[in-house]
Amino acid sequence: MMSHEPRVDAPAVAGTASPRVPFSFEIYPPRTPEQLPALYETIRVLAAAGPRFISVTFGAGGSTTDRSLTVLTHILRETTVPPVAHVTCVGSSYAEATTVIRDFLDAGITRFLALRGDPPAGVGEDDIVVGDLESAAQLVQLIGRVQAERSPYREREIPGLPGAVQVTDGDRVEIAVAAFPNGHPRSRHRYEDIDALLAKQAAGATSALTQLFFHADEYLDFVERARAAGVVIPIVPGIMPITSPGRLRRVLELTGDARPDSLAAALESAPDAAAQRAVGLAHAADLARSVVAGGADGTHLYAFNNHDTVLGVLRAAELIPEASP
């Protein structure tokens with residue numbers, strides 16, 4: 001986030017100084033119930049670090065709704081960290097998306113990440129049935145509308161006036177959206193992603209999280225262009241530790257980004273998995289340091305359900321203290 005918004009500091013951790021640069025994490029629901037205990041331990045460790053929030057991914061067309069909700073409610077009940085629910089619209093009808101949003105709200109989830117989403121497995125981009133929701137901006141509007149219908153206003157008693165109440169607006173949801181420093185794979189021109197972000201902001205988005213990037217200037221230049229175009233919501237840099245050549249290849253397949261030659265060469269020349277992890281951790285830590293130095297006052301880390309790596313990135317970037325011996 002840049003200077004356009006007040007700084008929001010992460011909770012203090014015992015034995016550390018506050019304030020400090022906020023951070024957050026993304027995790028995904030497990031594929032089987034047997035994997036839940038390990039994920040809950042990861043959540044416990046991540047929550048103890050004091051993140052601003054922990055977001056939980058959502059399968060294409062709502063394919064992981066129940067598992068996502070299980071993890072979200074665990075975070076809500078067992079930690080003091082706010083959970084953020086991913087919601088997608090590709091492969092989902094208006095009615096289906098409304099049901100999912102209501103289920104999350106009924107469970108006490110009031111923070112969302114609204115995404116267009118990827119096609120379900122085995123479905124090509126040209127074969128997508130978009131349904132009633134064609135964009136993340138429309139999904140943002142739907143989330144706000146569902147919440148407004150559930151809680152249109154609040155009443156507060158006025159002291160000294162029995163029976164009198166003050167009526168205020170109902171509870172509002174916080175809705176993050178995606179931003180693409182290097183352009184969305186389907187973008188047709190350089191400014192299309194800025195136009196899309198402006199549309200999401202107009203629809204009611206309260207912040208944006210970026211997809212991954214490999215160089216700090218890619219994020220900083222994108223933010224500068226977005227601000228010049230009128231984007232005022234926070235734009236939080238998303239940082240993904242790339243800890244193996246295989247993960248890098250997979251990421252490039254999904255994003256269509258240009259191959260980062262220096263990182264790729266370092267990963268490929270590393271003699272073993274431990275050395276590859278060290279390369280990826282150092283690269284991510286350098287990104288975090290650089291974007292914070294360039295004006296970002298927060299970072300969002302893609303954890304891949306592994307707390308050691310993302311906490312190692314934050315320690316190496318000096319955004320959290322070294323672990324106690």
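Select arginine 259 and aspartate 261. In this predicted model, their side chains meet in a salt bridge, with N to O at 3.1 Å. Salt bridges with shared partners join Arg259, Asp261 and Glu268 into one network. Colour by accessibility next. Arginine 259 is partly exposed, at 42% relative accessible area. Aspartate 261 has 51% relative accessibility and counts as exposed, because the cut-off for exposed is over 50%.

**Stop two: along a helix**

Move to helix α1, residues 36-48. Select arginine 44 and glutamate 41. They form a salt bridge, and the closest N and O atoms are 2.7 Å apart. Arginine 44 and glutamate 41 are three residues apart in this helix, so about one helical turn separates them. Arginine 44 is partly exposed at 49% relative accessibility. Glutamate 41 is partly exposed too, with a relative accessible area of 36%.

**Stop three: strand to strand**

Select arginine 111 and glutamate 174. Here the closest N and O atoms of the salt bridge are 3.8 Å apart. The pair links distant parts of the chain, 63 residues apart. Arginine 111 sits in strand β4 (residues 111-115), and glutamate 174 in strand β7 (residues 174-179). Are these two ends buried or partly exposed? Arginine 111 is partly exposed, at 24% relative accessibility. Glutamate 174 is partly exposed, at 41%.

**Last stop: zoom out**

How many salt bridges does a search of the whole structure find? It finds eight. The pairs visited here are among them.

How values were computed: Residues are numbered from 1 along each chain as its sequence is written. This is a predicted model: local features need pLDDT of at least 70, side-chain atom pairs count only at pLDDT 80 or more; totals for chains, interfaces and linings use all residues. Side-chain values use heavy atoms; hydrogens and water are left out. A salt bridge is a side-chain nitrogen of Lys or Arg within 4 Å of a carboxyl oxygen of Asp or Glu. Helices (H or I, at least four residues) and strands (E, at least two) are DSSP runs, numbered from the N terminus. Buried means under 20% relative accessible area, exposed over 50%, partly exposed in between (1.4 Å probe, protein chains only).
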